[in-house]
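I opened the notebook for a pass through this model. The entries below follow the order in which I looked things up.

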Amino acid sequence: MISVAFLGLGTMGAPMARRLATANQVSLSVYNRTASRAAPFASLGARVCASPAEAVEGADVIVTMVADPAALRAVCEGEGGALASVARGAVWVESSTVGIDVLDWLRAELDQRGAALVDAPVSGSRGPAEDGALVVLAGGAPEALGRVARVLEAFGTVRRTGGPNSGAATKLVFNQLGAHMLAGLVSGLVLGTKLGLDPRELLASIDAGAFRSAMFAHKGARIVDGNFEPSDFSVELLLKDQQLVLEAAERCGVELPTLVAVRDLVARAVSEGEGGRDLCAVVRVLERMAEVTARSPMRSAASRGHSARESAYSTTGTGGA
Ligand SMILES: NC(=O)c1ccc[n+]([C@@H]2O[C@H](COP(=O)([O-])OP(=O)(O)OC[C@H]3O[C@@H](n4cnc5c(N)ncnc54)[C@H](OP(=O)(O)O)[C@@H]3O)[C@@H](O)[C@H]2O)c1
């Protein structure tokens, strides 16, 4: 039996913790800042705790899945913070996307307490988290990685990326790649719609061609359906990720001018009220600028074959979904 404490039960943390609650030979305790999100875990047999320190008491493995570096420090520090009761010999799995600096701080804190850190951010969103089909980017000492293998495998496919911080560094590279892909998708859909294309047909053409990607298909479908809520991954978190990438790049002397442009677009989306929506809502900034909406109703097979200009796409100036 392995004892696991899970801290942070948001969009990703809740389904990941549920995987552990239903796994064999795992005893689970959970904590979430907003208690109502943790309460349902009692019916799954988990111990629902009032503080991070209570959840971590006696745990072999601690998993954190919180929003950002400030949230990670908040669950660690102060009265009721997790560091107060982390056990000697425990391994802490940090799965949030928090960049590298805060990991160095946490590793030093754990070192003083005789505990180890594995950085294990994940690739994939709500659906893969529910299905145990995330890709876990795991960095750390081989011995610590070995001790948490069973926990990480409950979340999905584990890729050992190398030594300490290599999972977090890999995730930063993924983040900038995903941001560029999103920027290309939303730019392409707005441009294509303005050129007279049906955005749904445009997506189908992209899917049939050399640039096919699951991300284009999934987020593209949400855009043409006008389906921006609920969020699988919010525009706010996307902005946080781009800031983390740019900070890390600056520190190691790499200039990323194209990512700066994408970050500015995402920041504008937040300032225009899109922060809580799914990241594909970034398209709404470009739509408002171009006075077009890249929406397209599902069409029956019989009606396919009409020219792009005959299909129903909106060219209103409202930018509404
Ligand atoms: N969503 C995705 O598709 C996805 C994919 C890969 C990686 N990630 C990364 O995984 C992490 C979690 O993402 P998510 O989508 O699950 O986010 P989320 O739904 O916004 O959940 C954030 C979690 O952090 C907690 N939190 C925020 N601020 C806190 C604070 N100051 N003190 C204590 N707890 C705090 C929240 O508690 P409350 O419930 O009290 O607000 C909640 O449990 C993020 O770093 C994100 O970038 C997300």
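**Entry: α1.** I began with the contacts of helix α1. Its buried residues pack against β1 (2-7), β2, α2, α6 (126-131) and α8 (149-155). I take contact to be two C-beta atoms, placed from the backbone, within 7 Å. Helices (H or I, at least four residues) and strands (E, at least two) are DSSP runs, numbered from the N terminus. I call a residue buried if 20 or more other C-beta atoms lie within 10 Å of its own, exposed if 12 or fewer, and partly exposed in between, with C-beta atoms placed from the backbone.

This is a predicted model, so I kept its limits in view: local features need pLDDT of at least 70, side-chain atom pairs count only at pLDDT 80 or more, and totals for chains, interfaces and linings use all residues. Residues are numbered from 1 along each chain as its sequence is written.

Which residues of α1 are buried? I listed G13, A14, P15, M16, A17, R18, R19 and L20. That is eight of the nine residues of α1 (residues 13-21), so the helix is largely enclosed by the rest of the structure.

**Entry: Q25.** I moved on to the loop between α1 and β2, where Q25 is found. Q25 is not a glycine, yet its phi is positive, about 60°. Q25 is exposed, with 7 other C-beta atoms within 10 Å.

**Entry: α5.** I next checked helix α5 (residues 101-112). It has 12 residues and reaches 17 Å from first C-alpha to last, close to the 16 Å expected at 1.5 Å a residue. The expected span is 1.5 Å times one less than the number of residues. I found V102, L103 and L106 buried in α5. They cover an arc of only 100° around the axis, which puts them on the same side of α5. The arc is that of the directions from the helix axis to the C-beta atoms. An α-helix has 3.6 residues a turn, so residues three or four places apart point the same way.

What lies on the other side of α5? There I noted A108, D111 and Q112, which are exposed. The cover over the buried residues of α5 includes α4 (69-76), β5 (91-94), β6 (116-119) and α9 (166-194). After α5 comes G114, with a positive phi near 75°.

**Entry: β5 and β6.** I followed the chain into β6. β5 and β6 pair in the parallel sense over four bridges. Strands count as paired if DSSP finds at least two bridges between them. V91 has A116 in β6 as its bridge partner. I logged β5, α5 and β6 as a right-handed β-α-β unit. Right-handed here is clockwise from the first strand over the helix to the second, with the strands pointing away from the viewer.

Entry: In strand β8 (residues 134-139), five of its six residues are buried. Strand β7 (residues 122-123) pairs with β8 in the antiparallel sense over two bridges. The bridge partner of V122 in β8 is V136. Six bridges join β8 to strand β9 (residues 156-162), and these two run parallel. A138 has R160 in β9 as its bridge partner.

**Entry: the ligand.** How many residues surround the ligand? I read 27, of which the closest are G10, R33, T34, A71 and S125. The elements giving two or more residues to this shell are α4 and α12 (235-251). α4 gives the most, with four residues. A residue is near a molecule or strand if its C-beta atom, placed from the backbone, lies within 6 Å of it.

I then looked at R33, in the loop between β2 (26-31) and α2 (35-38). R33 is partly exposed, with 16 other C-beta atoms within 10 Å. A74 sits in helix α4. R33 and A74 are 41 residues apart in sequence and 9.7 Å apart in space, C-alpha to C-alpha.

**Entry: backbone checks.** The peptide bond from E229 to P230 is cis, with omega near 0°. I placed P230 in the loop between α11 (214-225) and α12. E291 is found in the segment after α14 (283-290). Phi of E291 is positive, near 55°, in a residue other than glycine. E291 counts as exposed, with 12 C-beta neighbours inside 10 Å.
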